[in-house]
Every structure is written in structure tokens, then in C-alpha cells.
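Thanks for making the time this morning. I would like to walk through a few local features of this model, and I will give the cut-offs as the terms come up.

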Amino acid sequence: HRLRARYAPRWRSFPAPAGPPWWPARTALVVGAGLAGAAVAAGFARRGWQVTVLESAAAPCRGGSAQPLCADHLHLSPDDNPLARLTRAALSWRARDAAMPVGEPLGKLLVDADDGEAARRGAMLARLGLPASFARQLSRGEASDAAGLALPRGGLWLPACDALDPAALVRGWLGEARVALHAGSAVATLCPTDEGWSARDAAGRSIATGAIAILANAGDAVRAGSLGSFAMRRMRGQSTFVARSRIGALRAVLGGDAYAAPLGDRVLVGASFDDGESLDASREIDLANLARLARMIGGDPLDWFDGSSPASVGFRFAAIDRMPAIGALPDEPAALRDADTLLRNDRLPLPRARGLYGAFAFGSRGLLWATLAARVLPALADGDPLPLESDLLRAIDPGRFVKRMLRRRRRA
Ligand SMILES: Cc1cc2nc3c(=O)[nH]c(=O)nc-3n(C[C@H](O)[C@H](O)[C@H](O)COP(=O)(O)OP(=O)(O)OC[C@H]3O[C@@H](n4cnc5c(N)ncnc54)[C@H](O)[C@@H]3O)c2cc1C
């Protein structure tokens, strides 16, 4: 049997969805060459787009992505909330990305804080029905075996999670055919042209052009995209190295109240969330990182710390709702002009800046959100079926705060 239906509503209060976008050329400009920009550049290049990546620093991966390791920070929640679903989708794409190193992932153990947490995790697994190959509870002995350390408690084992070298990933992504990197190219403004977008330097000279442009420049994206509605917070992070000989032969990623991952003959322990302004490492923060880990797995932080290895420090940028911004950028001036109509009808689509996309506000999940953006943005630009459910796309929409801004302005 076949069903045929004709769309004939008695009235239409919102425009029909637009057809697939058309571009004068399959050329994309990407601003920023950290995890976000590099992954997105590869995502477009793999679909045949010619991609120019503009990076203000002298080399890629010098901003927040300049970390020795980035781990998969999968979120799990009893109600399988949007953050949990998004990180799960991202992890499955991350694991299959062609730039990933070959070999088994390290696996991640979320160490139980106490028996209550173990019971809650058990109930969550039973409720969600996740396969054991994705998440399973380990007893104390099993957890110690998996981690390579004697642990005080069991935990939740996530075998697909890994901790990877962001610089190697960025190199792999930028090494895709059809990606051209221009380091030392700071974008002062992005200007719309008849053919798409032109990136200009501080003197107003065009550095590069593309039919579409993607802002992947972390803390600078709000300025470059003139996004008055998008509030971002900067959080300093510092992680700490400990010699493996001092802490034990850790062989998996540990998570929970603290985080640790093996890296050669060292263990990376991290990372702080503080509001410091300086990128100089602080001994107090190193000790606080180690104290958090000691509370989770036992041990004496002062025995571990030799202060000789430089810690890694950086800034993370996150939205106030902790979700990333991945999608088409809103056209805020047009939204302000149509504020009354937009606020009257919730189903009206927001006006968008044609051909301008964003991949920023990755917070502490740069690895997962980069691979998510690399799937979502090319599908959006090509008008392909989108790889995420619409509620998840709304949760990461860079325009999600526009209506709130309009309401506030109307009240003011
Ligand atoms: C201590 C610490 C530990 C972390 N651990 C983890 C972890 O375990 N797992 C994880 O997933 N994430 C982790 N993160 C977070 C992760 O590092 C970030 O989410 C990620 O690096 C963000 O990537 P990005 O490409 O958006 O930003 P960035 O790496 O900052 O890249 C943005 C780039 O844009 C460039 N740029 C900015 N403005 C312009 C302009 N106008 N023109 C041209 N170029 C411009 C910058 O130079 C920069 O290279 C950690 C962060 C810190 C600080």
C-alpha cells in the first residue's frame, strides 16, 4: 500500500520550510584553527568543499585546544537529557572519524563517590537500557583492573571513551585534501559580498573569500558574528602532570569528581575551573587538582607532586546553558526589526545571516563538540537530512538566545 497526502492547511501562520540552500561555489572560509575549526574544515572538505582556514596565531592549535590531551566527556543522565543525547551522538561520530588514531580506546571509568552514587548509576543504567558494550558497572576489583590502580570503589565503565592528543587530531583534520591553512591571518571583520563572505584584516583588506563562512574562533566568535544575544563565559583551566611512577600504572581515563589520564610516563590530572585571568600556572591549583584526585582514588597529593613538570593552562569559553553553539548564525538586526512579529508567533523561523555558521562555546567538551560540528554544519549547508533530532538542533542553535534578547529589549 502507498499513502499519498496533500498539504492543504486551512490557514498557514508560518512560511513553508525553505528549499535546500544554493551557493555560488562550494567554497568555505573557516575562522580559527583549533579543534572546532579543524574538524569543521575536514567535515566540509570531505564533502568536496574547498576550505580556507584563517588562524590568527602563527600555527594551529595554539588557543584553548593547546592541551596535552582531551578526553571524551560523555554526559549520562537518568532522564537522558539533550546534553546526554548530544554527547552520545558526538562520541559515536568521534570514534568513527578518519583522523582518529588506530587502536583500542583507553576507556573511561567514572569512579563512584559512595554507595549511593553506585546505586543511582545502577538504576540509571537499568532505566536507560544502554548496552553493556557502551556502559556497565564494575565492582571495586574489576574497576581496579580496568584502571591499572587499586581503587577504593567501583564505578561506571565507558569502554568507547578515550583521551587523545588534540594537536595530532588538528593536524590530521587540516591535512585533508581541499583544506588550505593560512596561519598568522587574524580576521578583523567578516563582510557579506555578492558572492558570499569576505574576511578582512584590521586594515580592511580582504584576506580570503568564501561562499559561506564558519566562525570557529572560540571567545572571539561573538564579536566577529555581532551576536549581541549570545552570552559566553570564560573559564580558566589548569591541569597538572604527575610522574606515573609516583601515582601508579594508570591505563584508563578516570572521571568523577576528578579527572586523570595516562600520557606516556606521566599522568595528566585535571582540570581546574577557575576564574583566574593569568595563563601562568599556579602551584595552589596544581595541589587542588591533586587533592581532588586523592579524594576520589586515595593517596597523598604531596607524595605525587614534584612540581617539575609544567602544567597546562588555557581558557575555555562556554554558553550560560553549557551547550555549544553549532548551526546557522542569526541575523540579529533583522530579528530586531521584526521583533513584534517574531515574539507574537513562536513558530516563525528566526532570520539567519545567509551562509554564516558558527562552531564555538565548546566549554570543556572540545573533542566531542568538534566532531559534532563537523557532521552538523556541512549537512546544514548542503541542505541534507540533518544528523540530529530537531530538539537537539534547537539546543545547540547559536540563535537560541535571540528571542530572550528581543523580550528583554521590549521590556526595557
Ligand atoms: C585545562 C583544559 C583542559 C581541557 N580538557 C579537555 C578535555 O579533557 N576534553 C575536551 O573535550 N576538552 C577539554 N578542554 C576544552 C577544549 O580544550 C576546548 O573546548 C577546545 O579547545 C575549544 O576549541 P576551539 O577550537 O573552539 O577553540 P580554540 O582552540 O581556542 O581555537 C580557536 C582559534 O581561533 C583563533 N582565533 C580567534 N580569533 C580569531 C580571529 N579573529 N581570526 C583568526 N583566528 C582567530 C585562535 O587563535 C584559536 O586558535 C580543556 C580545556 C582546558 C583549558
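Let me start with helix α1, residues 35-45, where 11 of the 11 residues are buried, so this helix is largely enclosed by the rest of the structure. Buried here means under 20% relative accessible area, with exposed meaning over 50% and partly exposed in between, using a 1.4 Å probe and protein chains only. Helices are DSSP runs of H or I with at least four residues, strands are runs of E with at least two, and both are numbered from the N terminus. Among the buried residues of α1 are Leu35, Val40 and Phe44, together with several alanines, including Ala36 and Ala45.

Before going on, please keep in mind that this is a predicted model, in which local features need pLDDT of at least 70 and side-chain atom pairs count only at pLDDT 80 or more, while totals for chains, interfaces and linings use all residues. Residues are numbered from 1 along each chain as its sequence is written, and side-chain values use heavy atoms, with hydrogens and water left out.

Next, a pair of helices. The axes of α2, residues 82-96, and α12, residues 366-382, come within 8 Å and cross at roughly 75 degrees, the axes being lines fitted to C-alpha atoms over the stretch in contact, with angles running from 0 to 180 degrees between N-to-C directions. The two helices are therefore roughly perpendicular to each other, a label for angles of 65 to 115 degrees, where under 35 would be roughly parallel, over 145 roughly antiparallel and the rest oblique. Contact means heavy atoms within 4.5 Å, and the residues that make this one include Leu83, Trp93 and Arg94 of α2 and Trp369, Thr371 and Arg375 of α12. The contact residues divide into 10 nonpolar, two polar and two charged; Ala, Val, Leu, Ile, Met, Phe, Trp, Tyr, Cys and Pro count as nonpolar, Asp, Glu, Lys and Arg as charged, and the others, Gly among them, as polar.

How many salt bridges does a search of the whole structure find? The search finds 19, a salt bridge being a side-chain nitrogen of Lys or Arg within 4 Å of a carboxyl oxygen of Asp or Glu. Arg121 pairs with Asp112, the closest N and O atoms being 2.8 Å apart, and both of these residues are buried. For Arg246 and Asp306, the closest N and O atoms are 4.0 Å apart. Arg246 lies in helix α7 and Asp306 in the loop between α9 and β17, so this pair ties together parts that are 60 residues apart in sequence. Arg246 is partly exposed at 39% relative accessibility, and Asp306 is partly exposed at 35%. A salt bridge also joins Asp397 to Arg352, with the closest N and O atoms 2.8 Å apart; here Asp397 counts as buried at 15%, whereas Arg352 counts as partly exposed at 33%. Finally, Arg26, Arg47, Asp382 and Asp384 are linked in a network of salt bridges.

I will close with backbone angles. Most residues other than glycine have a negative phi, yet phi of Cys61 is near 60 degrees and phi of Ala218 is near 45 degrees.
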